[in-house]
Amino acid sequence: MALPPLLLRVHLLLLLLLGSRATCAWAALHDRDAAALRDVRASLRDLPGSRFFDSWNDDGDGAPTPCAYAGVVCAPDEEDPSGALLRVSVLTLGTGLSDSPGLAGTLPASLASLTALTDLVLYPGRVGGSIPADIGSGLRRLRLLSLSVNRLTGPLPDSLAGLPDLHTLDLGNNRLEGAIPSGLLLPSSPSLKVLILANNVGLSGQIPAQFSSSQLFHVDLSRNSIAGTLPPLPPTLRYFSVAANSMEGTLDEAFGQQAPADLAFLDLSMNDFSGPIPPQVFALPSASSLLLSRNNFTGALAVPASTASSTTPPWAVVDVSHNAISGEVPEALAAAGSLYVNNNKISGEVPDAVARSVFAGRMTTFYAQHNFLTGFPVPSRPLPDSAALCLSYNCMDLPSASAADGCPTIGGPLEARPADQCRSGGG
C-alpha cells in the first residue's frame, strides 16, 4: 500500500536523520575541532537556571559524540576525500530561550581553529573578555557571527574585515572599544549586508568616505563614540542608525546626490549635526521613520510637496524635535503618522491639513510645544482618544483644553510663552 503524502515525507525525513546519525557514528570529528570544543566547555559555563551544557558530557560509555552536543552541527570534511572526518560547521552557544539566563565565562582563542565554521552564535548572557584577535583569520568561511548582548570587552578584531562570505555581523550590546575597522564599511567585505555594533559606547573612529561603495543594507552604529561627518550613503541601505554618537557637520554631502531609494529607517538623533535638513531627506521614497532630534539643525524645513508623478513617503514617524529649526510647519508633513517638531523656533500657524489629520485620527501624535506658533485651527469635532496633542508654551492661547492633554508631564504644564519672548520672535 502506498503511504499518504504527509506520512511519506515524514518517513523520508526519518531516513535522512538516521542516515546523518549513521554518518556521525562511523566518521570521526577532526582532532582540532574536538580540542576546540573541549576548550569551549572549559571556558564557558551555564549561569544558574541554564542547562545548555548538560549534553556536553564526555563521561561514561554512553556519552554522546561531540557532533551530538547541543548547538553543534557537523559536516563531512571537504578536504578529506575518504569522508572519514567531520568538521564543525555550525556552533550555537546557549539556548536563546527568553527564560534562559545564558552563559558566562570567556571565548577561547582556539575558536579560530574551527576553520570549517560558517555560523557562530552566542546567545545573550554574561560572557566577557575579548573576542579572539585572529578569529577572522581562522574562520574564513563565516557567514554569520552573532555575539550580541554579552559583556565582551576590548577592540573589534581587524581580522573580521574582508571575510569573503560574511553576511551578518552582530556584536551589539557589549562593552567593545577602539576604532571600528574601516574594512567593515567598505567593499573589501563584499558579502556583508548586516552590520550591528550598537550600544557598545566605546567604539570610535569615523565612517570612511568610500562608505557609499559598500553593499550594506542594515547598519546600526548607535550609542558609540563615532565622530566626523556623514559621507554619502550606500544605495543599498534600508536601515541606518548612528544615533547617540559625536558626529557633526551638515548633511549636504550625505544626501546631496542620489539617496538610497529603499531606505526605510534613518536615525541621526543625538549628535552634533548642523545646518538645514536637506529636502532630499524628506524625499526618500521608502522612508517610514525619520529621526533627527537633538542635533543643531537650523533653518526652515523644506519638505517637497507630492506631485502627480510622486507619492508621499510612508512616514510613520518624523521627529525633528530639540533643534533650532525656524520657519513654519510644512503642510506636507500632515501625512506623518506621528510628528514631533517640539523644542524648536518654529513660528506661524499650524497648517489646516495638519490639524485635520490630528482630529481625524490619521496623525496619532503631534508634539509642537516650546515653539513660537501663533495659531492652531481646531476642526469642529472632538479629539480622538487615541491622539496625543501638545501645543503648550507657544505664542498663543491654547485653542482648546485638549491641546495640552497629550503633553509630557515632566516639568509641569506651561500654557503660553511669555509675551516678551514672542515679540522678539523665534527666528
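Me: Why is Asp 33 counted as buried?

Reply: Asp 33 has 0% relative accessibility. Buried means under 20% relative accessible area, exposed means over 50%, and partly exposed lies in between (1.4 Å probe, protein chains only). The value of Asp 33 therefore counts as buried. Please note that this is a predicted model, in which local features need pLDDT of at least 70 and side-chain atom pairs count only at pLDDT 80 or more, while totals for chains, interfaces and linings use all residues. Residues are numbered from 1 along each chain as its sequence is written, and side-chain values use heavy atoms, with hydrogens and water left out.

Me: What makes the contact of Arg 87 and Asp 33 a salt bridge?

Reply: A salt bridge is a side-chain nitrogen of Lys or Arg within 4 Å of a carboxyl oxygen of Asp or Glu. For Arg 87 and Asp 33 the N to O distance is 2.9 Å, so the pair meets the definition. Arg 87 belongs to strand S4 (residues 85-93) and Asp 33 to helix H2 (residues 31-43), 54 residues apart. Helices (H or I, at least four residues) and strands (E, at least two) are DSSP runs, numbered from the N terminus. Arg 87 is buried, at 5% relative accessibility. In total, the structure holds four salt bridges.

Me: Why is Arg 51 called exposed, and what is Asp 54 called?

Reply: Arg 51 has a relative accessible area of 65%, and is therefore exposed. Asp 54, at 44%, counts as partly exposed. The side chains of these two residues, Arg 51 and Asp 54, form a salt bridge with an N to O distance of 2.6 Å.

Me: How do you know that Cys 67 and Cys 74 form a disulfide?

Reply: A disulfide is a pair of cysteine sulfur atoms within 2.5 Å. The S to S distance of Cys 67 and Cys 74 is 2.1 Å, so the pair qualifies. The torsion about their S-S bond is about -95°, so this disulfide is left-handed. A search of the whole structure finds three disulfides.

Me: Why is the disulfide of Cys 390 and Cys 407 called right-handed?

Reply: The torsion about the S-S bond of Cys 390 and Cys 407 is about 100°, so the disulfide is right-handed. Cys 390 lies in strand S28 (residues 388-390), whereas Cys 407 lies in the loop between S28 and helix H7 (419-424), so the link ties together parts that are 17 residues apart in sequence. Cys 390 is buried at 0%, and Cys 407 is buried at 15%.
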